[in-house]
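Subject: Structure for you to look through

Dear colleague,

Here is the structure I promised to pass on, together with some notes on what turned up in it. Please keep the view open beside this message while you read.

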Amino acid sequence: MSEQSLGLIETLGLAAAVTAADAAVKSANVTLVGYEFAKGDGMTVVKLRGDVGAVKAAVAAAEMAAGRVGRVVATRVIARPAAGLTRLIDSAETVGCGRTGAQGPVPVPPQEEAPAKPVPTPPDASPSEASGAAPAPEATPETVPEAAPEPAPAAEPEPGPEPDPTPEPPPVPYRLTRPKGPKGR
């Protein structure tokens, strides 16, 4: 941890913290360590790591973005944090990036793999035939899906009341006038 600097953004509320984290990660080459809730007042601390210049730029961008959503309480960039701070920054209360927090482990949704689609090869242009290798098996003709039934023609809308052909009169400009009363007041 001594090679990377540490950035902290403390906000009031989770919405401002998420906005700050989003802006920080998008603006510079930093790693989001996670966030941590304070023990009251709704304060949240977003923790970042990276090179000194990148962390400074990320914290500045995060402060601007979070300030538009909520209240930024404090920001801090520590250029070369001491080795003993690792346990404080990577504590059990830090939520995110696969860590456990007050609510338990943070679930990571599994990524589904798309099924591989076969690539048809044209029967007349095969590189294996030119090299003298065994010919590739012929591609089966693709089945053509049946034509979808044509959509029914849209029903014509029922005639409604016709608009009034007389235009509205233009608005009368308002004029401020003083109330009439005894003079001298």
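R49 is buried, at a relative accessible area of 17%, where buried means under 20% relative accessible area, exposed means over 50%, and partly exposed lies in between, all with a 1.4 Å probe and protein chains only. The model is a predicted one, in which local features need pLDDT of at least 70 and side-chain atom pairs count only at pLDDT 80 or more, while totals for chains, interfaces and linings use all residues. Residues are numbered from 1 along each chain as its sequence is written, and side-chain values use heavy atoms, with hydrogens and water left out.

The side chain of R49 meets that of D90 in a salt bridge, at 2.9 Å from N to O; the term stands for a side-chain nitrogen of Lys or Arg within 4 Å of a carboxyl oxygen of Asp or Glu. R49 lies in strand β3 and D90 in the loop between α3 (86–89) and β5 (100–101), so this pair ties together parts that are 41 residues apart in sequence. Helices (H or I, at least four residues) and strands (E, at least two) are DSSP runs, numbered from the N terminus. D90 itself is partly exposed, with 27% relative accessibility.

How many salt bridges does a search of the whole structure find? The search finds 3, and another of them joins the side chains of E36 and K47 at 2.6 Å, N to O. This pair links distant parts of the chain, since E36 is in strand β2 (residues 30–37) and K47 in strand β3 (residues 43–50), 11 residues apart. K47 counts as buried, at 4% relative accessibility.

A further salt bridge joins D22 and K26, at 3.3 Å from N to O, and both residues lie in helix α1 (residues 14–27), 4 residues apart, which is about one turn of the helix. D22 is partly exposed at 38%, whereas K26 is exposed at 65%.

As for the strands, 4 of them form an open sheet in the order β2-β3-β1-β4, with antiparallel pairing, and two strands are said to pair if DSSP finds at least two bridges between them. The edge strands are β2 and β4 (71–78), each of which pairs on one side only. Strand β1 (residues 5–12) is joined to β4 by 7 bridges, and L6 has I78 in β4 as its bridge partner.
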